[in-house]
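Okay, thanks everyone for coming.

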Amino acid sequence: MSEVYQENPNETVSSSTNLFVLDGPLNGKVYLIGTAHFSLESQREVKNLIQNVKPNRVVLELCQARSGILNLDEETIIKDAKDMNYSKLRKLIKETSIAHGLLQYLMVNLYAKVTEELGIAPGGEFRVANNEAKKLDGCSVILGDMPIKLTLNRGFNSLPWYRKLRLAWCLLTTDTNLTKEDIEELKKHDMLETLVKEFGDTFPEFKRVLIDERDMYLAHSLKQACQPIPNDFVSGGFSPACVVGVVGLGHCKGIKFFKCKSNSNICEKFIFSKESKKIGPITQTSAIYFRKIER
C-alpha cells in the first residue's frame, strides 16, 4: 500500500476551518480536526464532528501518562499550581529529568493562570471526544501520542551539556505573567505550540522532538487506526474504518506532511531508542497505537 490516506478538501462534514478529511483504505475516512486546548468553540466542533460521522475509532493527542486530563477540572488545576513548590519540583526532577520537571512546573503554573482567567480547564476537547465516543457502540478511544517521558528525554538528550543548562535556565526563568493578548492567543492555539514558538528559534533540536517527531508519531498512529475492520458479513471480510483524530492546531500541518512519507520503521526508531529504556519497556500494541480508555 503506497499511501494510506490523502487529503480530500472537497468533503465537508463540519463548519470548522481546522478540519481535514483524509482518505483511508477501502474508502475509509480520517477526519483530522485541529483544536485549541482552552477553546469552547473547539469543544463544540469536536462534539458536532463525532455526532455527525459516528466514527469507529477516535485518536487523541494524548499518551497514557497524560490521560489524566480526561478527568481534569478547574479546581484540580488551580490546586495543583498552588501546591507546587520547590520541594516538589526537586522531587519531580529527581523522578523524571530536569527538562521534564521544569517544563511540567512551567505548564502547571501557566495552565492555572489561564484557567483562573477563563474558567475553563485545558483539554476540554479531549474530554468531549472521549465522552461522545462512549455513546457510540464499538467505538474505541486510542491514545496516539508519543509517551511524554520519551518525548522530553529525546528532546533533552538532543542538546549538548551546555545547551541543556541554558534550556533549564530559560524554563526556570520564563515569565508566567500573561497579558490579555496572551490569553486570546491561547484560546486560538494550544499551549505547547505557543511555548515552542518562544523556544524554537533558540533550541531547534528541542522543537524537532516536541513538534516534528510527535507529528510523525501521530501520523503513524492515525494510519494504524484507519486500517480496515474485520467483518465476516461483507465481501472481502473487511469494512472501511471511520476515524476522528483530535489534535492541537500546531500538529495538523506536520501530520498532513508525514501522511505521504514512508515511516514504517518509526516503531523501531522510538521503541529501541536509548531514551525509551529510561522509561521502561514499550510495546507496539500496548503503549503506542491502541491504548484504549477504560469505559
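**Helix 5 and what sits around it**

Let's start with helix 5: its buried residues pack against strand 2 (29-35), helix 1 (40-53), strand 3 (57-60), strand 4 (140-143) and strand 7 (242-248). Keep in mind that this is a predicted model. Helix 5 itself spans residues 124-134, and it's mostly covered, with nine of its eleven residues buried. Among the buried ones are F126, V128 and A129, but also R127, N130 and E132. As for direction, helix 5 lies across strand 2, strand 3, strand 4 and strand 7, and it runs at about 165° to strand 3.

Helix 1 is the other one to look at here. It lies across strand 1, strand 2, strand 3 and strand 7, and its angle to strand 2 is about 170°.

Five strands make an open sheet, in the order 1-2-7-3-4, with mixed pairing. Strand 1 and strand 4 are the edges, each pairing on one side only. From one strand to the next, the twist averages 20°.

So let's zoom in on strand 2. How many of its seven residues are buried? Seven of the seven, so strand 2 is largely enclosed by the rest of the structure. As a reminder, side chains in a regular strand alternate between the two faces of the sheet. Here both faces are covered: K29, Y31, I33 and T35 are buried on one side, and V30, L32 and G34 are buried on the other.

Who are the neighbours of strand 2 within the sheet? On one hand there's strand 1, residues 19-23, which runs antiparallel to strand 2 and is joined to it by five bridges. If you want to click through the pairs, V21 has Y31 as its bridge partner, and L22 is opposite V30. The two strands form a hairpin with five residues between them, and in that turn L26 has a positive phi of about 55°. On the other hand there's strand 7, which pairs with strand 2 in the parallel sense over seven bridges. There you can find L32 opposite G245.

Next, the nonpolar packing. The largest nonpolar core has 47 residues, and Y31, V58, L60, V244 and V246 are the ones with the most contacts inside it. Which helix gives this core its largest share? That's helix 4, residues 98-118, with nine residues. Apart from that core lies another, of 18 residues, including V30, I142, A225 and V247.

Are they buried or exposed? C139 has a relative accessible area of 1%, so it is buried. C242 comes out at 14%, which also counts as buried because the limit is under 20%.

Last bit, the whole chain. It has 14 helices and seven strands, and 53% of its 295 residues are buried.

Happy to go back to any of the views.

How values were computed:
Residues are numbered from 1 along each chain as its sequence is written. This is a predicted model: local features need pLDDT of at least 70, side-chain atom pairs count only at pLDDT 80 or more; totals for chains, interfaces and linings use all residues. Side-chain values use heavy atoms; hydrogens and water are left out. Buried means under 20% relative accessible area, exposed over 50%, partly exposed in between (1.4 Å probe, protein chains only). Helices (H or I, at least four residues) and strands (E, at least two) are DSSP runs, numbered from the N terminus. Contact means heavy atoms within 4.5 Å. Two strands pair if DSSP finds at least two bridges between them. A nonpolar core is a set of buried Ala, Val, Leu, Ile, Met, Phe, Trp, Tyr and Cys residues joined through side-chain atoms within 4.5 Å. Axes are lines fitted to C-alpha atoms, for helices over the stretch in contact, and angles run from 0 to 180 degrees between N-to-C directions.
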